[in-house]
Amino acid sequence: MASRLNNEILFEATPCVQKVTLNRPTQLNCLTFEMIGELLRTFEEYEEDPQVRVVIVKGKGKVFCAGGDVVRVIQFMLQGDLYCVKEFYKNQLTLDYLVATYKKPVVFLINGAVMGGGAGLSMNAKFRIVTENTVFAMPEASFGHYPDVGASYFLSRLPGHFGEYLGLTGAKINGSEMIASGLATHFVYSKDIESMENALCQALSLNTSSKSVHESDVSRIIKEFVRIPELKEGSIFKRLDVINRCFGKDTVEEILFALIREGRKQTLRQCLIREFNISSHIVLRSFNYNDFYEGGKAIFFTKDKKFKWEPSKLEQVHDAIVMQFSEVVHDDRWSYLELPEREQLKRSKL
């Protein structure tokens, strides 16, 4: 097993299959600036390498990936290092777009928590395998940010207003709820993950007659290990009718849902570019917006959760101000996010 980044990512080559393991278990496998850059370069190499036919991505320990390294991002901002912040966001969204439009099958083994940047990396991929240990959440709103990394695309395509519910509340859901809502494609018990992984590698290494692997071949092997999970009696997804009533009304909260609802009409590429614009304004503190700094400080630094939001009341937030965040940033210190036109495969559902 080889590593090219101080052991933060492990790379293992087997015949036809490349395995990528996020290896920061004590930091919940959060993605650093350097890890994102390395993953982007590696995925670009694998896509052009004829020896690589399938990529498997997993996390070391009990967590798949709990997000991006928000603490480091805020430190960059406080130091005035806008270049690193800009590159962090650009590379992260470019990586997410590359994985979502990848020319070869990418299999994500999500055996643990997947949040924020970890969700952005995996939720638009073709194969999203979860287990009884999986927990999903998009908690960005709790620290003055918003569900980004493509969430305006994948949350907006969930049943009813379930995406708005997850994005606004930061609620956690388990593997069976991810299957029911369409966030995940396959449910496999954690005890069977290694066997399934080995079966994939063995079957693909034996089939060398074809230069490429069809997704149906990968799906066929995975399905040998799939189980149908049952939703618990108290599952929030069983109350989707209540969520739809509460999160479908025209109230002042409507402006908070605009990002996700607009995403229903856009491609992933359009969603990511718009999210980059929003994140850019947040970092640059456009329109006197300071909540990301305040929220990040209260959650990750002082840890006192004493938030000083401005404005302090929801009714003081107006649609016109919110809509400005989607506009392109015109600042010499910044740049645009340019994503090439790539064919995006239809998101898989079970």
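Visitor: What share of the 350 residues in the protein is buried?

Guide: In this predicted model, buried residues make up 54% of the 350. A residue is counted as buried if its relative accessible area is under 20%.

Visitor: Why is the protein's radius of gyration said to agree with that of a compact globule?

Guide: The globule rule is 2.2 Å times the number of residues to the power 0.38. For 350 residues this gives a value near 20 Å, and the protein has 20 Å, so the two agree. The C-alpha trace spans about 60 × 50 × 40 Å along its principal axes.

Visitor: What makes a set of residues the largest nonpolar core here, and which residues have the most contacts inside it?

Guide: Members must be buried, of a listed nonpolar type, and joined through side-chain atoms within 4.5 Å. The largest such set has 82 residues, and Phe43, Phe136 and Leu166 have the most contacts inside it. Helix H3, residues 82-100, gives the largest share of this core, eleven residues.

Visitor: Which residues does Phe43 touch, leaving out those up to four places away in sequence?

Guide: Contact requires heavy atoms within 4.5 Å. On that basis Phe43 touches Val55, Val57, Leu95, Leu98, Val99, Tyr102 and Val106.

Visitor: Which residues does the second, separate core include?

Guide: That core has 20 residues, among them Val17, Val54, Leu109 and Phe127.

Visitor: What part of the contacts with a separation of 6 or more joins residues 24 or more positions apart?

Guide: Such pairs account for 75% of those contacts.

Visitor: How many positive and negative side chains are there?

Guide: There are 44 positive and 44 negative side chains, with the centres of the two sets 4 Å apart.

Notes:
Residues are numbered from 1 along each chain as its sequence is written. This is a predicted model: local features need pLDDT of at least 70, side-chain atom pairs count only at pLDDT 80 or more; totals for chains, interfaces and linings use all residues. Side-chain values use heavy atoms; hydrogens and water are left out. Buried means under 20% relative accessible area, exposed over 50%, partly exposed in between (1.4 Å probe, protein chains only). Helices (H or I, at least four residues) and strands (E, at least two) are DSSP runs, numbered from the N terminus. Lys and Arg count as positive and Asp and Glu as negative; His and the chain ends are not counted. The place of a charge is taken as NZ of Lys, CZ of Arg, CG of Asp or CD of Glu.
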